[in-house]
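Subject: Handing over a structure, with notes

Dear colleague,

Please find the structure below, followed by my notes on what was found in it.

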Amino acid sequence: MCRSIKTLRPPAIPEDATEEEIRAAALQYVRKVSGFRAPAAHNREVFDRAVDAVTEATAELLGGLEVRGAAARTS
């Protein structure tokens, strides 16, 4: 997988991932999967929708994870 995508949960980072970090990871994922660093104008809308969807799914995943040894999380 893309090495530019960093782990966004404890203990890799001590605090909650920011919205910017989550979106950056989503962008890297979509770039890797699509093979486009920056899509052509005719692919921009679908590319941006994919980044939005991956961002949302990632935030949901991180919000629901329970990391052993970490304090209980609240949403």
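A helix here is a DSSP run of H or I with at least four residues, a strand is a DSSP run of E with at least two, and both are numbered from the N terminus. This is a predicted model, in which local features need pLDDT of at least 70 and side-chain atom pairs count only at pLDDT 80 or more, while totals for chains, interfaces and linings use all residues. Residues are numbered from 1 along each chain as its sequence is written, and side-chain values use heavy atoms, with hydrogens and water left out.

The chain has 2 helices and 0 strands. Of its 75 residues, 21% count as buried, where buried means under 20% relative accessible area, exposed means over 50%, and partly exposed lies in between (1.4 Å probe, protein chains only). Among the contacts in the chain with a separation of 6 or more, 53% come from residues 24 or more positions apart, a contact being heavy atoms within 4.5 Å.

Salt bridges come next. The structure holds 4 of them, each being a side-chain nitrogen of Lys or Arg within 4 Å of a carboxyl oxygen of Asp or Glu. One of them joins the side chains of Arg23 and Asp52, at 2.8 Å from N to O. Arg23 belongs to helix α1 and Asp52 to helix α2, so this pair ties together parts that are 29 residues apart in sequence. Arg23 is partly exposed at 36% relative accessible area, and Asp52 is partly exposed as well, at 40%.

Asp48 is partly exposed at 28%, and Arg44 is partly exposed at 35%. Glu45 and Arg49 meet through their side chains at 2.9 Å, N to O, and they too are 4 residues apart in helix α2, separated by about one helical turn. Glu45 is exposed, with a relative accessible area of 56%, whereas Arg49 counts as partly exposed at 46%.

The side chain of Thr55 reaches the backbone oxygen of Val51 at 2.7 Å. Leaving aside residues up to four places away in sequence, Thr55 touches Ile22, Arg23 and Ala26.

Finally, there is the largest pocket, with a volume of about 210 Å³. On a 1 Å grid over the protein atoms alone, a pocket is an open set of points with protein on both sides within 12 Å along at least five of seven lines, and its lining residues have an atom within 4 Å of a point. Grid points are joined across faces, edges and corners, and the volume is the space filled by probe spheres set on the points. The lining has 13 residues, of which Ile5, Lys6, Leu8, Thr58 and Leu61 lie nearest the centre of the pocket. Helices α1 (19-34) and α2 (44-64) are the elements that give two or more residues to this lining, and the largest share, 4 residues, comes from α2.

Best wishes

How values were computed. 1 Å grid on protein atoms, 1.4 Å probe; cavity = no way out; pocket = protein on both sides within 12 Å on 5 of 7 lines; lining within 4 Å. Polar contact = N/O pair within 3.5 Å; in protein donor to acceptor, adjacent residues only side chain to side chain.
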